[in-house]
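Hello,

Here is the structure I promised to send over. Please have a look at it first, and then read on for what turned up in it.

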Amino acid sequence: MKLKNIKHGGAILALGFVLFIPASMVVLTGCTTAPPTEKSSDASDTPETMLVSYHVKAGKEAAFQDALARTWAICRQDKLVVATPHLVVREKDDAGRTRFVESFTWVSHAAPDNAPPDLKVIWKELESLCEPRDGKKGIDGSEVETVVAH
């Protein structure tokens, strides 16, 4: 699905639709990790779903995609993330600038704080491939809650 030439509001709507399908699959099929037990009262033990925007510098799209793929491979190998859903979409804004948006779930809130050194090196590479834009950081993300529309 291309989001090219869709206004900002439409891109958000399209992204919401694109995220709905994988989120529905998780609800129907479950995740690859066990849910936290009732005994766990530490929020750092609970999964953390993220929505991250990457404002990629012009001409750096291929290098960014390569670095993001290496990031995901390490995260999967080290069991830092839930395998599915993992979604990455790409769009261009009205000025023709590329933005990637990624949705994934850490196995716990503590997982990113315990990232191995090789992953931290790639994170720095990703930062160098992105730029601040429209008052936002080059990489802008936050924890989100997966909601299934009825």
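A word on terms to begin with: helices (H or I, at least four residues) and strands (E, at least two) are DSSP runs, numbered from the N terminus. On that basis the chain has three helices and four strands, and from the N terminus on they run α-β-α-β-β-α-β.

Please keep in mind that this is a predicted model, in which local features need pLDDT of at least 70, side-chain atom pairs count only at pLDDT 80 or more, and totals for chains, interfaces and linings use all residues. Residues are numbered from 1 along each chain as its sequence is written, and side-chain values use heavy atoms, with hydrogens and water left out.

Of the 150 residues of the chain, 35% count as buried (buried is under 20% relative accessible area, exposed over 50%, partly exposed in between, with a 1.4 Å probe and protein chains only). Among contacts (heavy atoms within 4.5 Å) with a separation of 6 or more, 77% come from residues 24 or more positions apart.

Now to the sheet. Its four strands form an open sheet in the order β2-β3-β1-β4, with antiparallel pairing; two strands count as paired if DSSP finds at least two bridges between them. β2 and β4 (139-143) are at the edges with a single partner strand each, so one side of each has no neighbour in the sheet. From one strand to the next, the twist averages 15° (axes are lines fitted to C-alpha atoms, for helices over the stretch in contact, and angles run from 0 to 180 degrees between N-to-C directions).

Here are the pairings one by one:

- β1 and β3 run antiparallel and are joined by eight bridges, with Ser53 opposite Val101 in β3.
- β2 and β3 are antiparallel over six bridges, and Leu87 stands opposite Ser103 in β3.
- β1 and β4 are antiparallel over five bridges, and Tyr54 faces Ile139 in β4.

The hairpin of β2 and β3 has five residues between the strands, and Gly96 there takes a positive phi near 85°.

How covered is β3? Nine of its nine residues are buried. Thr98, Phe100, Glu102, Phe104 and Trp106 point one way from β3, while Arg99, Val101, Ser103 and Thr105 point the other way. In a regular strand the side chains alternate between the two faces of the sheet.

α2 (residues 61-77) has 17 residues and reaches 24 Å from its first C-alpha to its last, close to the 24 Å expected at 1.5 Å a residue (the expected span is 1.5 Å times one less than the number of residues). Its buried residues are Glu61, Phe64, Ala67, Leu68, Thr71, Trp72, Ile74 and Cys75. Seen down the axis of α2, they fall within an arc of 165°, so they line one face of the helix; the arc is that of the directions from the helix axis to the C-beta atoms. The face turned away from that buried side carries the exposed residues Ala62 and Gln77.

What do the buried residues of α2 pack against? Their partners are β1 (48-55), β2 (87-92), β3 (98-106) and α3 (117-128).

Ser108 counts as buried because its relative accessibility is 13%.
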